Amino acid sequence: MDERAFAAAWAAIGRGDLDELRALLASRPELARARLGDRAATLLHHAAYKNSVAACRLLLAAGSSLTALQGEGLEGQTPLALALECNGVDAAAFLAEIAVVPNCLWVAASFGRCQWMAEFFDAEGQLEERAADPNKSSEAGFVLADALVAAAHHRHNDAALMLLDKGADPSGRDHFGMTALHYAAIGNLPLAEALVGRGANARQRDLQFDATPYGWAKFHEAHVVVEYLEKHADLDPRDLADA
């Protein structure tokens, strides 16, 4: 694989130069499926991350794979998963029209599709094994929590409430160490109220920024959530001072 051509295609995607990307793919078709290293990102991952539907379309037409993984273990992500994690909503919607990969509960929750989500529970309301992302933990509590955080991240309150009703831990973390209340604190007051009402731990710190939901609310200047948490959540005075 020509590393310089790969780098040029990567840069073309980054600056939105579709003509150069098209020319590179035409002259070096192998770029569509190339990666630097066994688990490195493909060009389709990069296009999904950049939320470029046009680049995704070009790459898929050239033979890029929707199932290629970037990373290993809990970090293993398909292009669709990466788009969802990084707010590439347009790219995610485009890729999902072709194939939902992985087809699991947290992806359905990320799109806010309650009907999709319902398909991962059996007639007794129990979570089915296929609900788990094959690249993450299959433990039922984690699967529910990961989906709940995804719903909160994308502001799909109906999906979040459905998962809470299904037994999702309101304080559960996703695989990045965030909780639903952290994302609700950015400005989603109805969901913050629902989570606190269900017992979400407002003093819990995320594993990336070591901040509480209150700290997130302060940072994002979500004043209505700040006021709500100050009045109704069990906050530690030290958390208030640190925020």
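**Ring pairs and salt bridges in a predicted model**

R22 is partly exposed, with a relative accessible area of 42%.

**Aromatic pairs**

- F111 counts as buried because its relative accessibility is 17%, which falls under the 20% cut-off, whereas W116, with a relative accessible area of 28%, is partly exposed.
- Y183 and W216 also form an edge-to-face pair, with 5.4 Å from centre to centre and 90 degrees between the planes.
- Y183 belongs to helix α11 (residues 180-184) and W216 to helix α13 (residues 213-219), so this pair ties together parts that are 33 residues apart in sequence.
- Y183 counts as buried at 14% relative accessibility, and W216 counts as buried at 9%.
- Y183 and W216 are joined with F209 in a cluster that is linked by ring pairs.

**Charges over rings**

- W116 has a further contact, as the charged end of R113 sits over its ring at 4.8 Å from the ring centre.
- In the case of K166, the charged end sits over the ring of F121, 4.7 Å from its centre.

**Salt bridges**

- Side chains of opposite charge can pair when their charged atoms come close.
- R22 forms a salt bridge with D19, in which the closest N and O atoms are 3.1 Å apart, and both residues lie in helix α2 (residues 18-27), three residues apart, or about one turn of the helix.
- D19 counts as exposed, because its relative accessibility is 58% and the cut-off for exposed is over 50%.
- K136 forms a salt bridge with D146, with 2.7 Å between the closest N and O atoms; this pair links distant parts of the chain, since K136 is in the loop between α8 (114-118) and α9 (140-153) while D146 is in helix α9, ten residues apart.
- Both K136 and D146 are buried.
- D165 and R198 meet through their side chains in a salt bridge of 2.9 Å, N to O.
- D165 lies in helix α10 (residues 157-165) and R198 in the loop between α12 (189-197) and α13, so the pair ties together parts that are 33 residues apart in sequence.
- D165 counts as exposed at 59% relative accessibility, while R198 counts as partly exposed at 40%.
- R15, D17 and E20 are linked in a network of salt bridges.

How values were computed:
Residues are numbered from 1 along each chain as its sequence is written. This is a predicted model: local features need pLDDT of at least 70, side-chain atom pairs count only at pLDDT 80 or more; totals for chains, interfaces and linings use all residues. Side-chain values use heavy atoms; hydrogens and water are left out. Buried means under 20% relative accessible area, exposed over 50%, partly exposed in between (1.4 Å probe, protein chains only). Rings of Phe, Tyr and Trp (its six-membered ring) pair if their centres lie within 6.5 Å; planes under 30 degrees apart count as stacked, over 60 as edge-to-face and the rest as tilted. Helices (H or I, at least four residues) and strands (E, at least two) are DSSP runs, numbered from the N terminus. A charge sits over a ring if NZ of Lys or CZ of Arg is within 6 Å of the ring centre and within 35 degrees of the ring normal. A salt bridge is a side-chain nitrogen of Lys or Arg within 4 Å of a carboxyl oxygen of Asp or Glu.
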